[in-house]
Amino acid sequence: MAVIQWFPGHMAKALRQVKENIKQVDIVLELVDARLPESSRNPQLAEILQNKPSILVLTKKDLADPQATAKWVNYYEALEQPAIAVNSTAGSLKIIEEKIKQVLANKLALQAQKGIMHKRIKVMCIGIPNVGKSTLLNHLVKKNVAQVGNRPGVTKSQQWLKAGKDMLLLDTPGILWPKFEDPMIGKKLALTGAIKETLYAKDDIALYLLEHFCQYAAKSLKERYKLTDNELSLSQVDLLLLITQKSGFRDDYDKASERMILECRKGKLGRYTLDIVPESVQSHNG
Ligand SMILES: Nc1nc2c(ncn2[C@@H]2O[C@H](COP(=O)(O)OP(=O)(O)OP(=O)(O)O)[C@@H](O)[C@H]2O)c(=O)[nH]1
């Protein structure tokens, strides 16, 4: 099966910019996709962040399995990594402002003691392409300033934005890393929309989708594509061909794959989480 691989030059440049700006900011919002919190976390960033205060923001929580999201937030908090889950397209994001102030409480108290009262908190927002950086920033700024698009790579350069009277926000282009140690990571990122579609074979990703849903959410698959229990037990390749026919695409399984991937991204197959919280920590947290 194909392994997804690339490292466009603009991502190397964006990573350099993050390294340069990190000293200027008080805190980093590291955005990950709630459906795959670990697989959408760029391992290069951990090295760059080091001791900088940061909050892991699990975006698109409305598309993820709510129980799994609660477990992931507990998991990170247990590791002393502040974490919060949001839906940036609806509701208030005040919880993010509150979380920022909570994480920086000591620093802000110290500034107040020194009589520094109205210094804006500088916040840098980082994450992989299409994770929802611009949507979240627009919401925090309450104006449509950062460009939003439902395809990876819409944000091309960095910009500072004022959010209320307390914060300055820095948007950055989405950054992926040069090599996925585990090929499953590439598939998860492709399925959820972080990778340009010219870089992967749609049928590969549709087969991964079928594998995941047959194992963890067979009911949703059954309902969406009107499958019988017997059909569900077919091999994934046969199942893909069957869904292709049932969807009226005859033998064009590429078209059927594309549609299944899009439906899955939009939540038509229900809410799902592709990354599983490590068992030991789940039991540790109850
Ligand atoms: N359902 C849902 N969709 C979201 C959420 N946040 C962002 N989106 C959608 O995800 C897509 C990508 O959002 P952007 O804000 O453009 O993502 P980005 O990280 O700035 O993307 P790049 O510019 O590629 O780095 C858009 O279609 C958004 O509407 C969320 O919390 N829930």
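**Contacts, domains and an annotated site in a predicted model**

In this predicted model, residues 24 or more positions apart account for 69% of the contacts in the protein chain with a separation of 6 or more.

Me: Into which domains is the protein chain divided, and how far apart do their C-alpha centres lie?
Reply: The protein chain is divided into domain 1, covering 9–171, and domain 2, covering 201–265. Between the C-alpha centres of domain 1 and domain 2 the distance is 35 Å.

Me: How many helices and strands does the protein chain have, and what percentage of its residues count as buried?
Reply: The protein chain has 13 helices and six strands. Of its 286 residues, the share that counts as buried is 38%.

Me: Does Asn130 count as buried or exposed?
Reply: UniProt, in an unreviewed entry, includes Asn130 in the feature "binding site". Asn130 is found in the loop between strand E4 (121–127) and helix H6 (133–141). A residue is buried if 20 or more other C-beta atoms lie within 10 Å of its own. Because Asn130 has 27 C-beta neighbours inside 10 Å, Asn130 counts as buried.

Me: With which residues is Val131 in contact, leaving aside its neighbours within four places in sequence?
Reply: Val131 is in the loop between E4 and H6. With 29 C-beta neighbours inside 10 Å, Val131 counts as buried. The unreviewed UniProt entry places "binding site" at Val131 and also at Gly174. Beyond four places in sequence, the contacts of Val131 are Leu31, Val32, Asp33, Ser40, Thr59, Gly174 and Ala194.

Technical notes. Residues numbered from 1 in each chain as written. Predicted model: local features only at pLDDT ≥ 70, side-chain atom pairs only at ≥ 80, totals over all residues. Domains from an automatic or database assignment. UniProt positions renumbered as here; feature names shortened; annotations may be inferred. Helix = DSSP H or I, 4+ residues; strand = E, 2+ residues; numbered from the N terminus. Buried ≥ 20, exposed ≤ 12 C-beta atoms within 10 Å, placed from the backbone. Contact = placed C-beta atoms within 7 Å.
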